[in-house]
Amino acid sequence: MSEDNFWQPSANIEALKARASLYRFIRDFFSTRHVLEVETPIVSPFATVDPFIESLTTTLSNRYCYLQTSPEFFLKRLLASGSGDVYSLAKAFRQGEQGEKHNPEFTLLEWYRVGWDEHQLMEELEKLITLLLPSVDPQKISYRSLYLQYLDIDPHAVSLDRLKKLVRENMTIDFELPDKSTCFDLLMTHCIEPQIAKDFLLVYNYPVEQAALAKLGKNEQGQLIARRFEVYLQGMELANGYFELTDACEQKKRFDADVAYRENNNLPLVPYDKKLVAALAAGMPECAGVALGIDRLLMILEKKADISQVLSFTV
């Protein structure tokens, strides 16, 4: 864009119309399935303590606050108060995320199904996407099968040393590899995602090191796994879902572990959401939830190579 036109939107009008059409489709989809649309606050006194996500900060009435990285915690508090199935279509914010597939301000579709497990939710997500893209061929595959196929390792049995060696064999890095989760992320983005660029994959049964807010379970081999799934479409990570953790004590334990990781690795220390822990203690129903990146989905629908081409304005 020339200097004379620096004020203009980054997306063209056709892309903006496509976004509006997608929003109508989403709302119709969930209306017919009796899932309630809700709004949640953008600003919170609590931040995510996930070591790999950084919150944007602000002040509100002389209080130090954070812009939501996801409506997840608010939605779970609604579930605990008896809301039933809910979804949110709203803005989220993450520090330091900028590039062809990232913008610090982005749009998330997040929804929760009471009484469902992760496989039932994967089926609904598959339905939503195939209605939008009838030509795609969805395939479900376990995380274990994916790593055996492309890297010839069992992620639930491999040692940290073997993972570090595999990372260094496949890429040049200038930092210490602290844990399995970091290695898994690097191997996925650098070694596996380029090989699945034409696929629509629903990947499930993640390593326990990447459980995040998912319940634990066992796979067909009897190995301990996280009941988490991710969706990859045309080489992009599009959605992330869980059979949700409902144990307040386990939730607090994971939050405390994330805080300790941040402290040990000189990352910013932020307050975790104690109200979520209280909501789980009060009794959140068994449910499955998923967050889907709307901007990335639009990139695929509109065949755009850069996220700026589907955003009215970039930050």
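## Asp154 and its surroundings

In this predicted model, Asp154 touches Arg144, Leu148 and Gln223, when residues up to four places away in sequence are not counted. Asp154 belongs to the loop that lies between H4 and H5, and with a relative accessible area of 16% it is buried, because buried means under 20%.

The loop between helix H4 (143-151) and helix H5 (160-170) also holds Asp152.

## Two residues with positive phi

Most residues other than glycine have a negative phi. Asp152, although it is not a glycine, has a positive phi of about 60°. Ala212 is another residue other than glycine with a positive value, and its phi is near 50°.

Where does Ala212 lie? Ala212 is placed in the loop between strand S8 (200-206) and strand S9 (216-218). The relative accessible area of Ala212 is 34%, and this residue is therefore described as partly exposed.

Strands of a sheet pair through backbone hydrogen bonds, either parallel or antiparallel.

Which way does S8 run relative to strand S7 (residues 138-142), parallel or antiparallel? These two strands run parallel and are joined by five bridges, and within this pairing Ile141 has Val203 of S8 as its bridge partner. With strand S10 (residues 224-233), S8 runs antiparallel, and six bridges join the two. In this second pairing, the bridge partner of Phe200 is Leu233 in S10.

## A sheet of three strands

Three strands form an open sheet in the order S2-S4-S3, and their pairing is antiparallel. Strand S2 (43-44) and strand S3 (57-60) stand at the edges, where each has a single partner strand, so one side of each is left without a neighbour in the sheet.

The pairing of S2 with strand S4 (residues 63-67) is antiparallel and consists of two bridges. One of the residues involved is Val43, whose bridge partner in S4 is Leu67.

## Helix H6 inside the structure

Helix H6 (residues 180-192) has 10 buried residues out of 13, so this helix is largely enclosed by the rest of the structure. Among the buried residues of H6 are Phe184, Leu186, Leu187, Met188 and Ile192, but also Lys180, Ser181 and Thr182.

What covers the buried residues of H6? The cover includes the helices H4 and H5, the strand S10 and helix H7 (248-264). H4 and H5 are also the helices on either side of the loop with Asp154, while S10 is also the antiparallel partner of S8.

## Helices H2 and H8 side by side

Helix H2 (residues 72-80) and helix H8 (residues 274-283) have axes that come within 9 Å and cross at roughly 25°. Angles under 35 degrees count as roughly parallel, and H2 and H8 are therefore roughly parallel to each other. The crossing in which H2 passes H8 is left-handed.

On the side of H2, the contact is made by Phe73, Lys76, Arg77 and Ala80, and on the side of H8 by Lys275, Leu276, Ala279 and Gly283. When these residues are sorted by class, the contact of H2 with H8 has four nonpolar, one polar and three charged residues.

Methods: Residues are numbered from 1 along each chain as its sequence is written. This is a predicted model: local features need pLDDT of at least 70, side-chain atom pairs count only at pLDDT 80 or more; totals for chains, interfaces and linings use all residues. Side-chain values use heavy atoms; hydrogens and water are left out. Axes are lines fitted to C-alpha atoms, for helices over the stretch in contact, and angles run from 0 to 180 degrees between N-to-C directions. Helices (H or I, at least four residues) and strands (E, at least two) are DSSP runs, numbered from the N terminus. Angles under 35 degrees count as roughly parallel, over 145 as roughly antiparallel, 65 to 115 as roughly perpendicular and the rest as oblique. A crossing is left-handed if the near helix is turned anticlockwise from the far one by less than a right angle, and right-handed if clockwise. Contact means heavy atoms within 4.5 Å. Ala, Val, Leu, Ile, Met, Phe, Trp, Tyr, Cys and Pro count as nonpolar, Asp, Glu, Lys and Arg as charged, and the others, Gly among them, as polar. Buried means under 20% relative accessible area, exposed over 50%, partly exposed in between (1.4 Å probe, protein chains only). Two strands pair if DSSP finds at least two bridges between them.
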